[in-house]
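Visitor: I have a protein structure to look at and I am new to this. Could you show me how to read it?

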Amino acid sequence: RDNYELSVRIIALKGLKGIGPKVVSDFLGEVFDKTGSYEIDFKLIKRTKIKRLSKLVENGLDEDVWNFECQKARKIIEESVTKGIKTINFTDDEYPKELNVLDTREKPLILFVKGNEKLLYEGKRVAIIGTREPTTFAGKMRQRITEKISEAEFIVVSGLAKGCDCLAHEMASIKNGRTIAILAHGLDLPVYPKENRELANDILRNGGALVSEYPIKTSLRPNYLVERDKWQSGMSSGVIMIESSERDL
């Protein structure tokens, strides 16, 4: 229950105007330093030394507004459940241990997962990345590398982008279903890019998982794609670059 309430409060904090993930991370760090836990109430928000948050309090953020934001966050989590999406925060046992090595400011505090959540915390994960326009040679190498990784029971992590990403997902899904696709939008929205929507369905059917740090109803933005690329490697034990163009470097 405590973990559920922490997820509620993280989502509520991120829902406040002008509050991004790094501010939330700083506030969580401040709370932990003061209390030895991540139990958040409005009194702690009122006493915060985090400028962005204290400015909101000065401009009218009160306990009623805070409770309203928490209620909205609960609805997000509950509606996610009805769509087959689980909410995991960084203190949950299901949270990838590779990400938990990172500083709180450098990792996603919340993950939303659709499909086989065990892939996040069981076994070893390897990220396979590469250009969106692979050569024929890269296509052959991708197949051979992904086959070997899958046969060794590694979980293939990638971003479901065009090119090397989707090719790696396809092969891993066919071989043993052990693949995780990191998406840059809410998991209730149509998968981007649209060419890979059927592949996303195949990943789920074959026992894989779709993961996002963004709650339902969150549309894709270009900067979210950058974050997605970071978490591919962040939740993996290693990274294999199949092929890169100069503009990818």
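**Reading the sheet and a helix**

Guide: Happy to! Keep in mind that this is a predicted model.

Visitor: Which residue in strand 4 is the bridge partner of Arg 125?

Guide: That is Ile 155.

Visitor: In what order do the strands of the sheet lie?

Guide: The order is 1-2-6-5-4-3-7, in an open sheet of seven strands with mixed pairing. Strand 1 (85–89) and strand 7 (238–241) are at the edges; each has a single partner strand, so one side of each lacks a neighbour in the sheet. From one strand to the next, the twist averages 25°.

Visitor: How should I read the length of helix 2?

Guide: Compare its reach with what is expected at 1.5 Å a residue. Helix 2 (residues 21–35) has 15 residues and spans 21 Å from first C-alpha to last, close to the expected 21 Å. Just after this helix, Gly 36 has a positive phi of about 75°.

Visitor: Which residues of helix 2 are buried, and what do they pack against?

Guide: Buried here means under 20% relative accessible area. The buried residues of helix 2 are Val 23, Val 24, Ser 25, Phe 27, Leu 28, Glu 30 and Val 31. They pack against helix 1 (2–14), helix 3 (42–46) and helix 4 (51–58).

Technical notes:
Residues numbered from 1 in each chain as written. Predicted model: local features only at pLDDT ≥ 70, side-chain atom pairs only at ≥ 80, totals over all residues. Heavy atoms only, no water. Pairing = 2+ DSSP bridges. Helix = DSSP H or I, 4+ residues; strand = E, 2+ residues; numbered from the N terminus. Axes fitted to C-alpha atoms, helices over the stretch in contact; angles between N-to-C directions. Expected span 1.5 Å × (residues − 1). Buried < 20%, exposed > 50% of the residue type's maximum accessible area, 1.4 Å probe, protein only. Contact = heavy atoms within 4.5 Å.
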